[in-house]
Amino acid sequence: MKKYKVGVIGATGMVGQRFVTLIAQHPWFELTEVAASSRSAGKKYEDAVKGRWAMEAAIPDCAKGMIVKSAEEDIGDITKNVDFVFSAVNMKKDEIKALEEAYAKAECPVVSNNSAHRWTEDVPMVVPEINPDHIDIIPSQRRRLGTKRGFIAVKSNCSLQSYVPALHPLRDEFNPTKVLVCTYQAISGAGKTFETFPEIIDNVIPFISGEEEKSEQEPLKLWGTIENGKIVPANSPSITAQCFRVPCSDGHMAAVFVSFEKKPTEEEILSRWSSFSSVPQKLNLPSAPKQFIHYFEEQDRPQTKLDRNLENGMAISVGRLRPDSQYDYKFVCLSHNTLRGAAGGGILLAELLCAKGYMD
Ligand SMILES: NC(=O)c1ccc[n+]([C@@H]2O[C@H](COP(=O)([O-])OP(=O)(O)OC[C@H]3O[C@@H](n4cnc5c(N)ncnc54)[C@H](OP(=O)(O)O)[C@@H]3O)[C@@H](O)[C@H]2O)c1
């Protein structure tokens, strides 16, 4: 298989560093451009991230000596040297929207980690195991943008990457109607470490700006349908969420309560979870977990520290399924927020787009 030339815009940030690390060891991708703000532009990548490299692995050799370009000023140069880019810039929403459209209009596909385009009606927001068919909207988006190759595809917010996968295999037959979820989210989701966020030590902060709205609404776009060149969100289940920041480095946990139109048995739920497999598994995409949903029988699992790295941080852990007195059932879910929930989810989406011919 040919290697795709790949750039990362926002390559010096927390999510960008994760993209760089994953691309450096990827069988299909070769890192050819790194870009960030004018503060980093012109520096060697290793100098631009000096003092803020947050990955466990060292800076990849292939990235160290690369000269960081300006994501805004050097679009022409960057797009000449890549087949597509990952976007992980941290700017104002309108600026991100404009920047990502500028890359798409320069005939460079953009796989974005950002929320700016998640509600653009013809931009697919994809969790590859859940709604891989939403990429079929790309031809409509290309018509709007006036492009032959360029388009934008996005991944959804990290908070929902644990409980939406657990609810998804139950939708067809049992139809979840009402969901209550409380999330316990790691500090890397805010681009922070314990060194840069000492206020979180011995503390829980019961507010993450914008996160509850995303946790309640984005699942409905994931479960939506394509109609007349737009993705129309599903109208159920009704979801209510509270999102807390907790003193964990990585891994978002969710406590979930759910009621169904047709109540399944516990055995039926467990069987749907264990047998669930989707397009990334069938296509054998390099970053796809073999088993997407892992159920733990132990009463005290999943645990953030023990289980977040399951299948390279790309699988979902679930546990503690039991009946509830007010909803039909309750259970606990966990996913790695910077792997499955951010860069890893973006990489898997790019693999799907490559496998389906959208990056050619
Ligand atoms: N962290 C997570 O787990 C997570 C999960 C989901 C979504 N997100 C979203 O992903 C995005 C990146 O998050 P992060 O945590 O990686 O942020 P971050 O650590 O603050 O990094 C931001 C990146 O954007 C670049 N940047 C800032 N202003 C720019 C400009 N004017 N032009 C070009 N590049 C610019 C920075 O470059 P310099 O280094 O040159 O300043 C840096 O590379 C954010 O929108 C965030 O909301 C994060």
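Guide: The protein chain has 14 helices and 14 strands; helices (H or I, at least four residues) and strands (E, at least two) are DSSP runs, numbered from the N terminus. This is a predicted model, in which local features need pLDDT of at least 70, side-chain atom pairs count only at pLDDT 80 or more, and totals for chains, interfaces and linings use all residues. Residues are numbered from 1 along each chain as its sequence is written.

The domain assignment gives domain 1 (4-157 + 342-355) and domain 2 (159-336), with bounds that come from an automatic or database domain assignment. The contact between them takes 31 residues from domain 1 and 29 residues from domain 2; two residues are in contact if their C-beta atoms, placed from the backbone, lie within 7 Å. On the side of domain 1 that touches domain 2, the largest share, 7 residues, comes from H14. That side has 15 nonpolar, 10 polar and 6 charged residues, where Ala, Val, Leu, Ile, Met, Phe, Trp, Tyr, Cys and Pro count as nonpolar, Asp, Glu, Lys and Arg as charged, and the others, Gly among them, as polar. The C-alpha centres of domain 1 and domain 2 lie 24 Å apart.

Next, the core. The largest nonpolar core has 94 residues, and those with the most contacts inside it are Phe19, Ala166 and Cys333. Such a core is a set of buried Ala, Val, Leu, Ile, Met, Phe, Trp, Tyr and Cys residues joined through C-beta atoms within 7 Å; a residue is buried if 20 or more other C-beta atoms lie within 10 Å of its own, exposed if 12 or fewer, and partly exposed in between, with C-beta atoms placed from the backbone. Helix H14 (residues 339-355) gives the largest share of this core, 10 residues. Because domain 1 and domain 2 both give residues to this core, it lies between them. Leaving aside neighbours within four places in sequence, Cys333 is in contact with residues including Ser162, Ala166, Ala254 and Ile316.

The ligand has a shell of 27 residues, the closest being Gly13, Ala36, Ser40, Asn90 and Gly191; a residue counts as near if its C-beta atom, placed from the backbone, lies within 6 Å of the molecule. Helix H1 (14-24) and H14 are the elements that give two or more residues to this shell, and H1 gives the largest share, 3 residues. The shell divides into 10 nonpolar, 15 polar and 2 charged residues.
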